[in-house]
Amino acid sequence: MMKKMSMSTSKTSLVLFLCQIISALDVPLDSKLLEELSQPPTITQQSPKDYIVDPRENIVIQCEAKGKPPPSFSWTRNGTHFDIDKDAQVTMKPNSGTLVINIMNGGKAEAYEGVYQCTARNERGAAVSNNIVIRPSRSPLWTKEKLEPNHVREGDSLVLHCRPPVGLPPPIIFWMDNAFQRLPQSERVSQGLNGDLYFSNVQPEDTREDYICYARFNHTQTIQQKQPISVKVFSTKPVTERQPVLLTPTGSTSTKVELRGNVLLLECIAAGLPTPVIRWIKEGGELPANRTFFENFKKTLKIIDVSEADSGNYKCIARNALGSVHHVISVTVKAAPYWITAPRNLVLSPGEDGTLICRANGSPKPSISWLANGVPIAIAPEDPSRKVDGDTIIFSHVQERSSAVYQCNASNEYGYLLANAFVNVLAEPPRILTPANKLYQVIADSPALLDCAYFGSPKPEIEWFKGVKGSILRGNEYVFHDNGTLEIPVAQKSNAGTYTCVARNELGKIQNEVQLEIKDPTMIIKQPEYKVIQRYGQVSFECIIKHDSTLLPTVTWLKDNDELPDDERFLVGKDNLTIMNVTDKDDGTYTCIVNTTLDSVSASAVLTVVAAPPTPAIIYARPNPPFDLELTGQLERSIDLSWIPGDENNSPITSFVVEFEDALHEPGVWRYQTEVPGTQTMAQLKLSPYVNYSFRVIAVNRIGRSQPSEPSEQYLTKSASPDENPANVQGIGSEPDNLVITWEPLKGFQSNGPGLQYKVSWRQKDVDDEWTSVIVANVSKYIVSGTPTFVPYEVKVQALNDLGYAPEPSEVIGHSGEDLPMVAPGNVQVHVINSTLAKVHWDPVPLKSVRGHLQGYKVYYWKVQSLSRRSRRHIEKKILTFRGNKTFGMLPGLEPYSSYKLNVRVVNGKGEGPASPDKVFKTPEGVPSSPSFLKITNPTLDSLTLEWGSPTHPNGVLTSYTLKFQPINNTHELGPLVEIRIPANESSLILKNLNYSTRYKFYFNAQTSVGSGSQITEEAVTIMDEAMASRQVDIATQGWFIGLMCAVALLILILLIVCFIRRNKGGKYPVKEKEDAHADPEIQPMKEDDGTFGEYSDAEDHKPLKKGSRTPSDRTVKKEDSDDSLVDYGEGVNGQFNEDGSFIGQYSGKKEKEPAEGNESSEAPSPVNAMNSFV
């Protein structure tokens, strides 16, 4: 128990001791200082641990080191001293430890194989190199072997073995043919990692005699060739398909060990027909992303930079249509030693403490051993200031004799690490490495850094003074860095002057002076501006600067961040850049850069080149969106937004629209902020408190708006009390005893801060002096109950949040709820103006009885009955509304000779009041409507019968009917008009003594005592003479006439057939000559369009009219009657077309005129007359 406590106490003391160790000195990398200071050796260059050399060339084993004094070098070979002087083939380079073994002059590389180690030594210690294993490369020849031809059945698998000779390093294998062409590889045929060529299944095209395996030895740049292998594939039908079988690796499981950091290669090649497809998975995990690759048609899994986490079981699955097979490879990742903390050089002062730490990891965990000056520390000379504790050496109260070089060796079965770290104990007085009186120049308001690079052992203390006799510098306006540098964060003109740096330690003191000058900043007071210029025009950009008089500025112009084109059109002046004869290539961003030795400023502007009118084929489009949005000048209520315009696409940008998004209150909603001219690329934006702003910019030209730019960075403004109160405040009651106060709530960005509420206040107008108030949450309505009916109230709503109230709101006048009016209008009077219009008048109701907002009056009126029929009908009330305080109105659309009733009601916002007593009034008679119908029936040679119906709306007492009629001749001219007065109680009339076969037009209307109503018209025709009709029918039905018509039709049909035959044979039929030779008037030409005969189209189309057939009064033809009726031809003129398109009347000859009584009337030609003209 005591032993355990003692060990615990010892470990605690060690931890406390390590925490108290003073940090080692840093030696500045000053060449002059390094030359003066003593330093143990340090290996700077050495050959690789595994060094394979070309046996035909000299062997060079590198070993370079530095130290003060310069180190001497010695070598060991296979653990014993290597005496270079005794071997004439070995020399060491001057001032170096590098060995050169002369092989080219008779030496043999094999004689110098072995393990070499270099030691660099001076008076302060010895450093050693790694163990360098020298091995000459080897590229042996293939052993001779007799290769039998491979006879393989089609579809079987095949492996062609390469078995290259063992070389150093191993050769690269590839397969080619006799023509030195690489053999094609695929999912079916591929080379394995061991160099063999695998066929998953052979095909007839695989037959060849020149499968040659080549081994390339890169180190000696030689290629060895195996004897050609012959493959002959013989076919058997049918080819048997086979499920997958693994060719490599064999069995179901295998193992593989790989080292950390190496490349893991796993391979699966399968036989089968069809060719199997390979898939890889890691059991219980995923294949590492970004480090996993598939090669050789997925037959090889490659994982780069493997680590212990990549250990596990990897399964390859080979599958085809007949089945699958798999193999599991158990991978273990081991690790050669690798550094966690490599030991670092220590520079200590006498009496100081320090540590060397050497920590490494690996699998298995490496062992740590220490050496001092190349000797195991256990047998090295003792040093009382040194204590070894595992991977740490602790130094306490060191002295100059403690200087040495220590080696840390971390090793396991897979390799080793060797690191040199020296402990250099120095006693040096202070030295200031910064040049004396060094001049520092800085720009005003910029940081000033005054150097005081120093070295000393022990580490000196640094103090700064201003001026020759100034006091030591202290305070927040200065920053003192550990390396001795004095920083003035914001240098002003007052900081200019001489500064003194003092370094002191126990061995001495030294000081140095430096000078500080403060210069005015360089500024561009006139920046280049955005330009839009037409092609072939001239443009100029200004860049006027202001600078410190002691600094010499240089002005450089760039185009699109590159040098200006080497073109004489670009003229660079003192303060401007001018471009002559502008072309499309000049479009871009021009930057003015002003450089001095101390600062640099720049400003840019975009030049947009548009087509000079007129320019054909120019495509105008919306501009491209702006880009590079930048927020500057951030204040509580404003911010500056700048951007770079996008391409304007041949149409100048007229304006930029700035929109904002409030991610705090309305994320995803973009609202209008402002709009600036198209020549401006910056806008100062007003901000509201408590808004998380993002901005975007949209460019506008005459074509349209661009897409929005990418959003700017977000900017959250501070909270504040509200700036405004709700809008649209109203006080309107919903019930007779309440007042509903409503308002439009503030939007999120108007709240200015959290905790938005509203103070609602009201008082009855001209009654209450004090306001009644209530604070409500973020709502839009508050209801005040128990109010009098419809009285005025003063209302106001004030916004507030957690930071305070908005300004005092304005007052609005509202009213409590309305109730229905109590009184009906009185003294209702009606004045009938005519039979369809009346005027109504009433007295207004008292305003107090309205009990609400007076909206107007409604007049209800309805027809009780028609005075002419004395019959009641369904009552349909009509309503007319008269707005405002109107006391009269007109009632249009009344029906004549009717009895009406009406009443009047007052209307407010709540509804209608009571109705006034019904008022009865009557309308006088009016003219009647037209008769309901007029029919003409029973036509004879000289008479027509008329029947009619009384008017639908008589509008009074009918007194009579009036009939007017007149004849219409063949040219549609109207004859004399005849008028007949008919008693009102009649409903029919027979007109006699009319002309036969004559069309008449009739006009018929009704009358009341007021006058005549609208008339109705109709037309009708009397029939022709019955004897003439009978004679014509007899002629049309004679057999000889029918035979003649058939003969004519047959003759024309024969001519048509002959013409068709002649035409098909390529000849021409002289129709014209035939017609001239046989001038038969009965033979008429055919119609060109449809092939019908000119005089008629069908025998059925021109049957004689049956005796007694009549034309209806509505002039329609019944379907079962002939299509060619008397009515159709009653208005006939020369050139009418029949319904089949034939031309009627062209063969009718002269018209025959019949005598008529009273006036002349032409007889209408009929189809029968047309036929009779042939006789």
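Reader: Is isoleucine 1057 buried, partly exposed or exposed, and what is the relative accessible area behind that label?

Author: Start with the cut-offs: buried means under 20% relative accessible area, exposed means over 50%, and partly exposed lies in between. This is a predicted model. Isoleucine 1057 has a relative accessible area of 45%, so it is partly exposed.

Reader: Which helix holds isoleucine 1057?

Author: Look in helix H5, residues 1039-1064.

Reader: Which residues make the nonpolar surface patch of about 720 Å²?

Author: Ile1057 is one of them. Leu1050, Leu1053, Ile1054, Leu1056, Val1058, Phe1060 and Ile1061 complete the patch.

Reader: Now strands. What is the order in the open sheet of five strands?

Author: In a regular strand the side chains alternate between the two faces of the sheet. Here the order reads S29-S37-S36-S32-S33, and the pairing is mixed. Strand S29 (346-348) and strand S33 (375-376) are the edges, each pairing on one side only.

Reader: How many bridges join S29 to strand S37?

Author: Three, and the two strands run parallel. Strand S37 covers residues 415-425. To place the pairing, find valine 347: its bridge partner in S37 is asparagine 424.

Reader: In which sense do strand S80 and strand S81 pair?

Author: Antiparallel, over six bridges. Strand S80 spans residues 931-937, and strand S81 spans residues 944-951. For a landmark, take leucine 934, whose bridge partner in S81 is tryptophan 948.

Reader: What lies between S80 and S81 in the hairpin?

Author: Six residues. Check asparagine 938 in the turn: its phi is positive, about 50°.

Conventions:
Residues numbered from 1 in each chain as written. Predicted model: local features only at pLDDT ≥ 70, side-chain atom pairs only at ≥ 80, totals over all residues. Heavy atoms only, no water. Patch = residues over 30% accessible without salt bridge, like charges linked within 9 Å, V, L, I, M, F, W, Y side chains within 5 Å. Areas by Shrake-Rupley, 256 points an atom, 1.4 Å probe, with all protein chains shown as cover. Salt bridge = Lys/Arg side-chain N within 4 Å of Asp/Glu carboxyl O. Helix = DSSP H or I, 4+ residues; strand = E, 2+ residues; numbered from the N terminus. Buried < 20%, exposed > 50% of the residue type's maximum accessible area, 1.4 Å probe, protein only. Pairing = 2+ DSSP bridges.
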